[in-house]
Amino acid sequence: MTTRDRGRHVNDSTESLADATRYRRRLEAVRPRLVSFALLHLRDKTQAEDTVQDTLVTAMEKSDAFSGRSGYETWVFGILKHKLLDALRAQQQSGQWQPMENEASDEVVDRLFQRNGRWEQHARPSAWGEPEATFENEAFWQVFDACMIGLPDNLARVFSLRELMGLSTRDICREVGIRESNCWVMLHRARLRLRTCIESGWLKETHPC
Amino acid sequence: MLMCKDATRLMSMKRDRPLTLRERFSLRFHLTMCSACRECDRQFELLHHAGRRFEPPTEDRTTDDAPRH
């Protein structure tokens, strides 16, 4: 069959229907990752599901706008990020957040160090192995998620905006209404608490004794 | 002299803003001497890239059902 023959059989509407089916299949495939990303930011399962649903509908409606310059999933994640920022603003405005001001000190962090500033013996970091292998280890991410849930809400929000959403600290302080220096303090606390939690959860799991 | 607690503060900060020359030197000096802080620095780096987990494994271009434009 020549190209011209095929052209007679496949008209425009079946083409776009096939495209729509293909997009829908890909959206279904990426959905679980969208939900876990949203959950890490919003810390509320229902709100995370709703935001992802809204993202999927927008992606279907706007699939014509997908230029193909970036990957399709990257494009969908871009839509989700915008919607998450809107949802976070709504959370904050409706009073679902504790005030963002910093405690003078963080006792969990203080317990990691001796009075002279050296690591306490029990808190000294151990090796986690090769980063690539760690990234591919599903058990690591389960511990990571559990540790994120355990973080105080505000530390977790600032951490996700910085390290998952990729916003600069300047943008974060504009979004959540804190000074940039506060943001640095919060990120320091979040990183220390996370690494401590991950190490105690993950290394125990991989090296049971 | 920089102690571990302040070293972790600089390790965290360097992922959010450029350190001053003085901060960079004192951190580097501390890291040459302290293996625990070197591990901590590696772990902060890993956390800094935690978002990579959400990147598509092969991106969309390799599959045969790539979207048509």
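**Notebook: domains, a helix pair and the chain contact**

I began with two helices of chain A and noted that α8(A) passes α9(A) in a right-handed crossing. The model I am reading is a predicted one.

I then looked up which residues make this contact. From α8(A) they are Arg157(A), Val158(A), Leu161(A) and Arg162(A). From α9(A) they are Thr169(A), Ile172(A), Glu175(A) and Val176(A). Sorted by class, the residues of this contact are 4 nonpolar, 1 polar and 3 charged.

Next I took down the geometry of the pair. Helix α8 covers residues 153-164 of chain A and helix α9 covers residues 169-176 of chain A. I have their axes 10 Å apart, at an angle of about 135°. Because of that angle, α8(A) is oblique to α9(A).

I checked the UniProt record for this part of the chain. An unreviewed entry there places "domain: RNA polymerase sigma factor 70 region 4 type" at residues 144-194 of chain A. I looked at how residues 144-194 of chain A are built: the span is 82% helix and 0% strand.

I turned to the division of chain A into domains. Domain 1 runs over 3-93 and domain 2 over 107-206. How many Å separate the centres of domain 1 and domain 2 of chain A? I noted 30 Å, taken over C-alpha atoms.

I also looked at where these two domains touch. In chain A, 6 residues of domain 1 are in contact with 7 residues of domain 2. On the side of domain 1 of chain A that touches domain 2, α2 and α4 of chain A each supply at least two residues. The largest share of that side comes from α2(A), with 3 residues. I sorted the residues of that side of domain 1 of chain A into 3 nonpolar, 1 polar and 2 charged.

My last entry concerns chain B. The contact between the chains takes 39 residues from chain A and 31 residues from chain B. I listed the elements of chain A that give two or more residues to the side touching chain B: α2 (12-42), α4 (72-93), α6 (131-135), α7 (138-150), α8 and α10 (180-206). Which element gives the most to this side of chain A? I found α10(A), with 7 residues. By class, the side of chain A that touches chain B has 19 nonpolar, 10 polar and 10 charged residues.

Note on methods:
Residues are numbered from 1 along each chain as its sequence is written. Chains are lettered from A and ligands numbered from 1 in the order in which they are written. This is a predicted model: local features need pLDDT of at least 70, side-chain atom pairs count only at pLDDT 80 or more; totals for chains, interfaces and linings use all residues. UniProt positions are given in the numbering used here, feature names are shortened, and annotations may be inferred rather than shown by experiment. Helices (H or I, at least four residues) and strands (E, at least two) are DSSP runs, numbered from the N terminus. Axes are lines fitted to C-alpha atoms, for helices over the stretch in contact, and angles run from 0 to 180 degrees between N-to-C directions. Angles under 35 degrees count as roughly parallel, over 145 as roughly antiparallel, 65 to 115 as roughly perpendicular and the rest as oblique. A crossing is left-handed if the near helix is turned anticlockwise from the far one by less than a right angle, and right-handed if clockwise. Ala, Val, Leu, Ile, Met, Phe, Trp, Tyr, Cys and Pro count as nonpolar, Asp, Glu, Lys and Arg as charged, and the others, Gly among them, as polar. Domain bounds come from an automatic or database domain assignment.
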